[in-house]
Amino acid sequence: MKFCMYLMTALLALTLCGEAMVDYDFTGEAIKTGGKCPPLKFSGVTAGGTAGKRFMIFDGKSSTGSIPASEKIHLMDGGTVITRVKFDDKGDGKNYHMLLLKDKEWWLARNGENLHFNFAESGKAARGISVKVPFDKPITIGLSVSANDQYVLYVDGKKMSAGILSVRSAPDKTAKGITVGDGWGGSWKFKGELYKLAVYNEVLAEAELAKQTGEQ
């Protein structure tokens, strides 16, 4: 009995906060990079803010980023994204912003007033999730997806949505890397500020999601 309790505790500890594949923090004097993937590559992105409150600025036009060696990050196999970001109003009444894209596999974006996560299945977009969140200030997003298709979404320390994704057969997988702030043409270019970004190849416990997204 004691051994079983020890094993359960050890397994839970593994999901509380494992090693990140990607762990970038842009808020300090120097950019902090961690995780198994190399530092993020930028093009057309500038630094903004003041000491201790810095961020990377995406202009919604030419700005883009890419995560090297991210081809094997398959979120639908069980994974987590945590990011702090500020979306700027595009002034077009639509506000489409691609935050993260693993082309033809999965993506996280702003679609109007909703935060949108979706994945590809048999070469087509499946039925993902779309949740209304506040975009009038910087927000910290935490999304975990498990291999049995369950998901949970936290924003600023609060659970916004949870359930089971509509997977009919099996999600598509590609050998493409993850793009940051770009995808699907000009209308989906991200305009705003990126403060932090972490990606895990495992599902974090809800307590850890609440903690990490609640920290400012």
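Trainee: Which residues does Phe117 touch, not counting those up to four places away in sequence?

Mentor: Keep in mind that the model is predicted. Phe117 touches Leu75, Met76, Trp106, Trp107, Leu108, Gly128, Ile129, Leu143, Val145 and Leu165.

Trainee: And which residues have the most contacts inside the largest nonpolar core?

Mentor: Phe117 is one of them, along with Val22, Ile67, Leu100 and Leu197. That core has 42 residues. Strand β13, residues 139–145, gives the largest share of the core, with four residues.

Trainee: What lies apart from it?

Mentor: Another core, of eight residues, including Ile82, Val152, Tyr154 and Leu204.

Trainee: Switching to Thr140. Where is it placed, and is it buried or exposed?

Mentor: Thr140 sits in strand β13. It is buried, because its relative accessible area is 3%, and the cut-off for buried is under 20%.

Trainee: What does its side chain make a polar contact with?

Mentor: The side chain of Arg84, at 2.9 Å.

Trainee: Which residues is Thr140 in contact with, leaving aside neighbours within four places in sequence?

Mentor: Ile82, Thr83, Arg84, Tyr154, Val155, Asp156, Gln212, Thr213 and Glu215.

Trainee: Now helix α2. Which of its residues are buried?

Mentor: In α2, residues 206–214, the buried ones are Glu208, Leu209, Gln212 and Thr213. They cover an arc of only 120° around the axis, so they are on the same side of α2.

Trainee: Why do residues three or four places apart point the same way?

Mentor: Because an α-helix has 3.6 residues a turn.

Methods: Residues numbered from 1 in each chain as written. Predicted model: local features only at pLDDT ≥ 70, side-chain atom pairs only at ≥ 80, totals over all residues. Heavy atoms only, no water. Buried < 20%, exposed > 50% of the residue type's maximum accessible area, 1.4 Å probe, protein only. Helix = DSSP H or I, 4+ residues; strand = E, 2+ residues; numbered from the N terminus. Arc of directions from axis to C-beta. Core = buried A, V, L, I, M, F, W, Y, C linked by side-chain atoms within 4.5 Å. Contact = heavy atoms within 4.5 Å. Polar contact = N/O pair within 3.5 Å; in protein donor to acceptor, adjacent residues only side chain to side chain.
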